[in-house]
Amino acid sequence: MFRSKAITSTAVALAMLVTAAGPAQAQGKADRARAAISQAEGRIQAGDVAGVASTLPEQQAEARNALRTAKEDLAAGRKEEAIAAANRASGIAEAALGETEKIKSADAQATNASIEQAHARTQAAETNAVVAQQQAAEADQRAANAERAAVAAAARAEAANAAQVETTV
């Protein structure tokens, strides 16, 4: 008899626990749905701040649409569907945010590479300008030397002419 009372008491306690757990689980799902929706909203807002809407507008719109579906599902009492839709929205937003960061990083690297190339071209142009200036200075020096040589040759030729005129006289 004692054993029968213990089993009955245990069965009643178990039944009460199951009955009490039902609404608690339902409330737990609603809370989880609201938490998943909040998380998705946060990720979408983080994407907005990071520029996802301008970089990947389709993905951001898809995430917003999934979030809207999650809110509608929660309002209609479809808690599990709301959780799934919110998780989907969160995943889309997270992926778009990651892709945007990759795009921005690649753009920054391309910009840095372009800047480095511009610096290299500037340096090469400056080097070429220095070489050109040196070549111009050398050409000027050769021209001055040629002019002095021509003046000296003209002076020698005039002296030779003058000497020849004196000998013939």
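## Salt bridges

Across the whole structure, a search turns up seven salt bridges. The model is a predicted one. Side chains of opposite charge can pair when their charged atoms come close.

## A pair within one helix

Arg-34 and Asp-31 form a salt bridge in which the closest N and O atoms are 2.9 Å apart. Both residues belong to helix α1, which covers residues 2-50. Because Arg-34 and Asp-31 are three residues apart in that helix, about one helical turn separates them.

Arg-34 has a relative accessibility of 40% and therefore counts as partly exposed. Asp-31, at 39% relative accessibility, is also placed in the partly exposed class, whose limits are 20% and 50%.

Lys-71 is partly exposed, its relative accessible area being 40%. Glu-41 counts as partly exposed as well, with a relative accessibility of 26%.

A salt bridge also joins the side chains of Arg-64 and Asp-48, with an N to O distance of 2.4 Å. Arg-64 lies in helix α3 and Asp-48 in helix α1, so this pair ties together parts that are 16 residues apart in sequence. The relative accessible area is 35% for Arg-64, which is partly exposed, and 31% for Asp-48, which is partly exposed too.

## Chain composition and surface

Which secondary structure elements make up the protein chain? The chain has four helices and zero strands. Read from the N terminus, the order of elements is α-α-α-α.

The protein chain has 169 residues, of which 17% count as buried. Among contacts between residues at least 6 apart in sequence, 69% join residues at least 24 apart.

Is Gln-60 buried or exposed? Gln-60, a residue of helix α3, has a relative accessibility of 2% and so counts as buried; the cut-off for this class is under 20%.

A polar atom of the Gln-60 side chain lies 3.0 Å from the backbone oxygen of Ile-44. Leaving aside residues up to four places away in sequence, Gln-60 touches Ile-44, Gly-47, Asp-48, Val-52 and Ala-53. One of these, Asp-48, is the salt-bridge partner of Arg-64.

Ser-90 is located in helix α4, which spans residues 79-168. With 3% relative accessibility, Ser-90 counts as buried.

Which residues does Ser-90 touch, not counting those up to four places away in sequence? The contacts of Ser-90 are with Gln-39, Ala-40 and Arg-43.

Key:
Residues numbered from 1 in each chain as written. Predicted model: local features only at pLDDT ≥ 70, side-chain atom pairs only at ≥ 80, totals over all residues. Heavy atoms only, no water. Salt bridge = Lys/Arg side-chain N within 4 Å of Asp/Glu carboxyl O. Helix = DSSP H or I, 4+ residues; strand = E, 2+ residues; numbered from the N terminus. Buried < 20%, exposed > 50% of the residue type's maximum accessible area, 1.4 Å probe, protein only. Contact = heavy atoms within 4.5 Å. Polar contact = N/O pair within 3.5 Å; in protein donor to acceptor, adjacent residues only side chain to side chain.
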